[in-house]
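This briefing sets out selected features of a protein complex for computational work.

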Number of protein chains: 2
Amino acid sequence: MKKLINDKNNIIEEMIQGILKTNKSVKRVDNFNVIYDTKYDKNKVALISGGGSGHEPAHMGFVGQGMLSAAVAGEVFTSPTPDQVEAAINHLNSNAGTLLIIKNYTGDKLNFEIAAQLASANNKQVETVLVDDDVAVENSTWTIGRRGIAGTIYVHKIAGAMAQKGASLSEVKRVAEKVIENVRTFGISLNSIYIPTTGKKSFELDENTIEFGLGIHGEPGIKREAIKSSKLIVQEMLDLILKDYNYQNSEVALMINGLGGTPEMELFIVANDAHNYLKEKNVNVYTSNVGNFMTSLEMQGISISLLKLDDELKELLMEPTEVKSWK
Amino acid sequence: MKKLINDKNNIIEEMIQGILKTNKSVKRVDNFNVIYDTKYDKNKVALISGGGSGHEPAHMGFVGQGMLSAAVAGEVFTSPTPDQVEAAINHLNSNAGTLLIIKNYTGDKLNFEIAAQLASANNKQVETVLVDDDVAVENSTWTIGRRGIAGTIYVHKIAGAMAQKGASLSEVKRVAEKVIENVRTFGISLNSIYIPTTGKKSFELDENTIEFGLGIHGEPGIKREAIKSSKLIVQEMLDLILKDYNYQNSEVALMINGLGGTPEMELFIVANDAHNYLKEKNVNVYTSNVGNFMTSLEMQGISISLLKLDDELKELLMEPTEVKSWK
């Protein structure tokens with residue numbers, strides 16, 4: 001295993017110190033693994049997300065005006081503990097209430113919900129939404145129900161724009177849930193990754209094989225097969241998404257998400273194939289987002305997300321944000 | 001070799017089509033591998049850069065208000081031909097003149113300079129600057145003199161801000177040259193890459209070895225050694241930069257550039273180590289840029305750039321830009 005790290009037990013601490021030294025628009029909550037937007041306004045709904053680390057820029061890279069108010073980082077591929085999430089809620093101490101955006105993994109769900117209960121007992125108004133956009137598998141190693149993956153970033157963006165406008169907690173939660181209802185994602189991987197804390201590969205894939213439907217921690221997908229052209233891979237991915245949800249004759253946002261080790265050149269080739277195939281299928285792409293949004297360490301692979309848009313979602317999605325990881 | 005591509009002879013065409021479908025702020029010049037900023041103003045200096053492909057977001061990702069007016073893409077790791085560069089100059093047809101920002105590789109230098117001569121013969125006012133920020137090697141496989149690498153992005157940003165203000169060609173060229181004089185870069189790699197057109201690896205590196213001072217096409221560096229901690233690697237890289245140019249007691253911009261396959265988590269650990277070591281060496285980091293700016297396909301590795309700042313460079317560097325790959 002070759003990684004640019006120092007102490008495998010101190011990875012998250014050093015990453016956070018690096019973020020703080022290079023991004024002046026965020027600060028840390030005491031010694032917690034929590035960063036928050038220095039411009040955060042207490043009279044607006046606080047939006048908090050987080051989860052295991054190793055998925056950067058998710059979630060700390062999305063803290064800033066127009067997206068998240070704070071993000072909580074667990075250890076690599078490990079849910080943050082409830083006290084960390086609670087520290088985020090208490091520090092922001094919103095007068096308008098707090099919305100927790102949770103990816104559907106058993107640990108995240110449990111720990112974020114405990115934090116919500118603890119904060120509620122302490123007279124904080126806290127609501128939660130659960131993102132489960134991955135159409136690949138129904139249950140998985142780490143989930144009951146579908147996994148939450150890159151579609152979560154659309155929830156950050158759209159709920160973030162709504163909170164920024166000064167909307168109420170119930171209104172922010174309503175649009176977050178509208179995104180969750182209308183977003184679907186499917187991912188594939190070309191290689192496996194080394195988990196820095198164990199020094200071991202997450203799984204083995206031979207020289208010509210790719211994995212369909214895998215999760216962002218290297219959890220198994222639905223099948224393995226020989227590498228084929230981008231066009232055929234994209235068609236198969238989109239067919240699975242379109243089978244799950246009817247996007248025909250709708251306007252959509254399209255996200256081509258790199259899993260960390262995919263050259264940008266390939267993301268644009270994939271984007272071209274996805275645009276062409278969606279056109280054939282009468283799905284109208286209103287806007288596209290291409291880049292690394294939710295990664296899995298150095299994994300080479302992609303996920304594709306589709307979000308069905310109405311006028312409200314379109315407007316919120318296109319609102320400016322100061323977050324630099326949003327592209 | 002596993003890549004998300006279709007036809008290895010059509011990679012650049014499909015990448016450009018993907019860029020055009022997903023970025024509404026750029027357009028293409030006829031059938032050339034040239035894209036330009038749709039908001040480009042003919043009465044301002046035109047800034048054009050480019051080079052071989054495989055380094056994305058460099059350079060097409062930096063086209064937009066406040067940075068490049070146009071970018072020209074060659075085949076993978078291959079200089080664009082003079083007619084491509086000339087097409088960019090002619091299409092923009094600036095009334096204020098054109099500055100070509102060239103990375104110092106024999107092919108790029110030759111082809112961009114021929115284009116400049118052709119355009120000059122055609123009554124266009126064209127100037128060039130040559131970026132040679134890599135302190136690793138004096139001459140190399142593909143260069144006479146030092147190579148141009150990630151420091152080039154600081155030239156794009158600062159000359160771009162100057163052009164945006166409506167400065168004259170000589171003024172834009174002057175600040176571009178000031179950046180080139182004051183920027184130094186050093187890179188290392190943890191792995192080799194597959195060249196999509198040949199299906200072959202660019203070089204071989206064993207399981208525990210890293211290469212110091214390599215180029216962005218996998219050209220050899222100065223030595224290979226066993227992987228060590230991020231802190232020690234960063235110190236060695238910075239020592240080589242600080243030996244080449246005196247940054248002590250100065251304010252600098254620090255760029256931690258991922259080479260395409262490096263997890264963002266590691267970029268921030270490296271950024272933390274770089275900040276700590278520069279503080280020890282009395283180099284004052286005024287601002288930092290962390291992300292993938294100039295890559296080498298899926299290479300895991302980093303480069304570190306330092307740029308000495310004065311008041312003029314500071315102001316231009318911090319000007320807003322609409323370019324989303326600038327972070």
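A residue is called buried here when its relative accessible area is under 20%, exposed when that area is over 50%, and partly exposed in between. By that criterion, the buried residues of helix H8 (residues 311–318) of chain A are A:Leu313, A:Lys314, A:Leu316 and A:Leu317. The model is predicted, and the predictor assigns the complex an ipTM of 0.97 and a pTM of 0.97.

**Confidence and annotation**

- Chain A has a mean pLDDT of 96, and 100% of its residues reach 70 or more.
- An unreviewed UniProt entry lists residues 7–326 of chain A as "domain: DhaK".
- That span is 33% helix and 24% strand, and its end C-alpha atoms lie 30 Å apart.

**Relation between the chains**

**Surroundings of helix H8 in chain A**

- At the start of H8(A), a side-chain oxygen of A:Asp310 reaches to within 3.2 Å of the backbone nitrogen of A:Glu312.

**Salt bridges**

- Over all chains, the structure holds 44 salt bridges.
- One of them joins the side chains of B:Lys178 and B:Asp310 at 2.6 Å, N to O.
- This pair links distant parts of the chain, 132 residues apart: B:Lys178 belongs to helix H5 (residues 169–182) of chain B, and B:Asp310 to the loop between strand S14 (301–308) and helix H8 (311–318) of chain B.
- B:Lys178 is buried, with a relative accessible area of 18%, whereas B:Asp310 is partly exposed at 30%.
- B:Glu211 and B:Arg224 also meet in a salt bridge through their side chains (2.6 Å, N to O).
- The partners here are 13 residues apart, B:Glu211 in strand S10 (residues 209–212) and B:Arg224 in strand S11 (residues 223–226) of chain B.
- B:Glu211 is buried at a relative accessible area of 5%, while B:Arg224 is partly exposed at 43%.
- In chain A, salt bridges that share partners join A:Glu171, A:Arg174, A:Lys178, A:Asp310 and A:Glu312 into one network.

Methods
Residues numbered from 1 in each chain as written. Chains lettered and ligands numbered in written order. Predicted model: local features only at pLDDT ≥ 70, side-chain atom pairs only at ≥ 80, totals over all residues. Heavy atoms only, no water. UniProt positions renumbered as here; feature names shortened; annotations may be inferred. Helix = DSSP H or I, 4+ residues; strand = E, 2+ residues; numbered from the N terminus. Buried < 20%, exposed > 50% of the residue type's maximum accessible area, 1.4 Å probe, protein only. Polar contact = N/O pair within 3.5 Å; in protein donor to acceptor, adjacent residues only side chain to side chain. pLDDT = per-residue confidence, 0-100. Salt bridge = Lys/Arg side-chain N within 4 Å of Asp/Glu carboxyl O.
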